[in-house]
Amino acid sequence: MPELPEVETVLRTLEGMIKGNKIEAIDVLYAPIIQDDLTLFKNSLIGKSFLDFKRRGKYLIFELDDLALVVHLRMEGKFFVSEPDEPINKHIHIVFHLSNGKELRYQDTRKFGRMHLQPLGDYCVFHNLGVEPFDSAFNHAYVRSFLNTKHQAIKTVLLDQSFIAGIGNIYADEILFMMKVNPQRRANELSDRNIEDLIFYTKKILLEAIKEGGTTIRSYTSSLGVTGRFQQNLKVHQREGEPCYDCATPVVKTKVNGRGTYYCPRCQKD
């Protein structure tokens, strides 16, 4: 699943490719992806232009003239900007015909992605999301208050979108490695120093990943001509059995609350 850096990369790439373009027609080839009434969805968007591009956690927000199109890519959602004469494969489910003569196509092999309309500035779908990693509200007091009542593993809490919006499995593993904290350690047991490290490395790793265009592994690749290069910087994720870069101990893979988790048993013993 694309995480915050991948979503940010997709958003900024699309901004450079389609900003200012008007939607002239929409083909919906698989209706369940649209969470609104289909006729309302089309009528509301046709004739409107892509004006601003925002992100909240793992959600893409396309702001048009008087409303916003909110998209969650889920497991395998991807966007393509294509020429009209390019073949449409069976996994393309939504096609936006643009005023520049191109098509914005949404592809989703598993069909888990979702799109829906929201009033501008009133994104109620985000009310249960936690802070953004780069927001000033992501501070020591906030983290300590949230973790104090959490007896689950810190890896599980990092994946909780009501805590920090946008972190998924890849970056949770990388953050915990840089913190030198065992992923199974109880969240409420983190020290003040651990909390400062969590804040620092969350921002540092996500910013570096955004700079590198995200991480391209497994099923997620950018479909807009951007190659995620951060996978070259991964310290533990998907490195089972390979030597830790810091101590040469083989990286271990385990499961934490059902999620595949990679860590160094020596560097992250506490």
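Which side chain makes a polar contact with the side chain of Glu63? The partner is the side chain of Lys54, at 3.3 Å. The numbered points below set this contact in the context of the chain, which is a predicted model.

1. Overall composition. The chain holds six helices and 10 strands. Along the principal axes, the C-alpha atoms occupy a box of roughly 55 × 35 × 30 Å.

2. Burial, surface and contacts. Of the 270 residues, 53% count as buried. The accessible surface of the chain is about 12000 Å², and carbon and sulfur atoms contribute 47% of that area. Where contacts link residues at least 6 apart in sequence, 63% of them join residues at least 24 apart.

3. Charges. The chain carries 36 positive and 34 negative charges. The mean position of the positive charges lies 6 Å from that of the negative charges.

4. Glu63. This residue belongs to strand E3, which covers residues 59–63. Glu63 counts as buried because its relative accessibility is 11%, under the 20% cut-off. Apart from the polar contact with Lys54, its surroundings can be listed by residue. Beyond its neighbours within four places in sequence, Glu63 is in contact with Ser49, Phe50, Leu51, Asp52, Lys54, Ala68, Leu120 and Tyr123.

5. Val71. Strand E4, residues 68–72, contains Val71. With a relative accessible area of 0%, Val71 is buried. The C-alpha atoms of Val71 and His116 are separated by 6.8 Å, although the two residues are 45 residues apart along the chain. When residues up to four places away in sequence are set aside, Val71 touches Lys58, Tyr59, Leu60, Phe62, Phe79, Arg114 and Met115.

6. Gly47. The loop between helix H2 (38–45) and strand E2 (52–56) includes Gly47. Its relative accessible area of 36% makes Gly47 partly exposed. Gly47 and Ser99 are 52 residues apart along the chain, and their C-alpha atoms are separated by 9.3 Å.

7. Helix H5. How many residues of H5 are buried? The helix is mostly covered, with 10 of its 11 residues buried. The buried residues are Asn169, Ile170, Tyr171, Ala172, Asp173, Glu174, Ile175, Leu176, Phe177 and Met179. They pack against helix H1 (4–18), helix H4 (154–158), H6 and strand E10 (259–263).

8. Asp173. Within helix H5, Asp173 deserves a separate entry. Is Asp173 buried or exposed? Asp173 is buried, because its relative accessible area is 1%, which is under 20%. The side chains of Asp173 and Lys155 are joined by a polar contact of 2.8 Å. Not counting residues up to four places away in sequence, Asp173 touches Lys155, Val236, His237, Gly260, Thr261 and Tyr262.

9. Lys180. Just after H5, the backbone at Lys180 adopts a positive phi of about 60°, and Lys180 is not a glycine. As background, most residues other than glycine have a negative phi. Lys180 sits in the loop between helix H5 (169–179) and helix H6 (192–211). At 29% relative accessibility, Lys180 counts as partly exposed.

10. Gln238. A positive phi is also found at Gln238, with a value near 65° in a residue other than glycine. Gln238 is located in the loop between H6 and strand E9 (252–256). Its relative accessible area is 33%, so Gln238 is partly exposed.

11. Points to inspect in the model. For the polar contacts, the pairs to view are Glu63 with Lys54 and Asp173 with Lys155. For the backbone, Lys180 has a positive phi of about 60°, and Gln238 has a positive phi near 65°. For pairs of residues separated along the chain, the C-alpha distances are 6.8 Å for Val71 and His116 and 9.3 Å for Gly47 and Ser99.

Notes. Residues are numbered from 1 along each chain as its sequence is written. This is a predicted model: local features need pLDDT of at least 70, side-chain atom pairs count only at pLDDT 80 or more; totals for chains, interfaces and linings use all residues. Side-chain values use heavy atoms; hydrogens and water are left out. Helices (H or I, at least four residues) and strands (E, at least two) are DSSP runs, numbered from the N terminus. Buried means under 20% relative accessible area, exposed over 50%, partly exposed in between (1.4 Å probe, protein chains only). Contact means heavy atoms within 4.5 Å. Accessible areas come from the Shrake-Rupley method with a 1.4 Å probe; for residues, only the protein chains shown count as cover. Lys and Arg count as positive and Asp and Glu as negative; His and the chain ends are not counted. The place of a charge is taken as NZ of Lys, CZ of Arg, CG of Asp or CD of Glu. A polar contact is a pair of N or O atoms within 3.5 Å; within protein, one must be able to donate a hydrogen and the other to accept it, and residues adjacent in sequence count only if both atoms are side-chain atoms.
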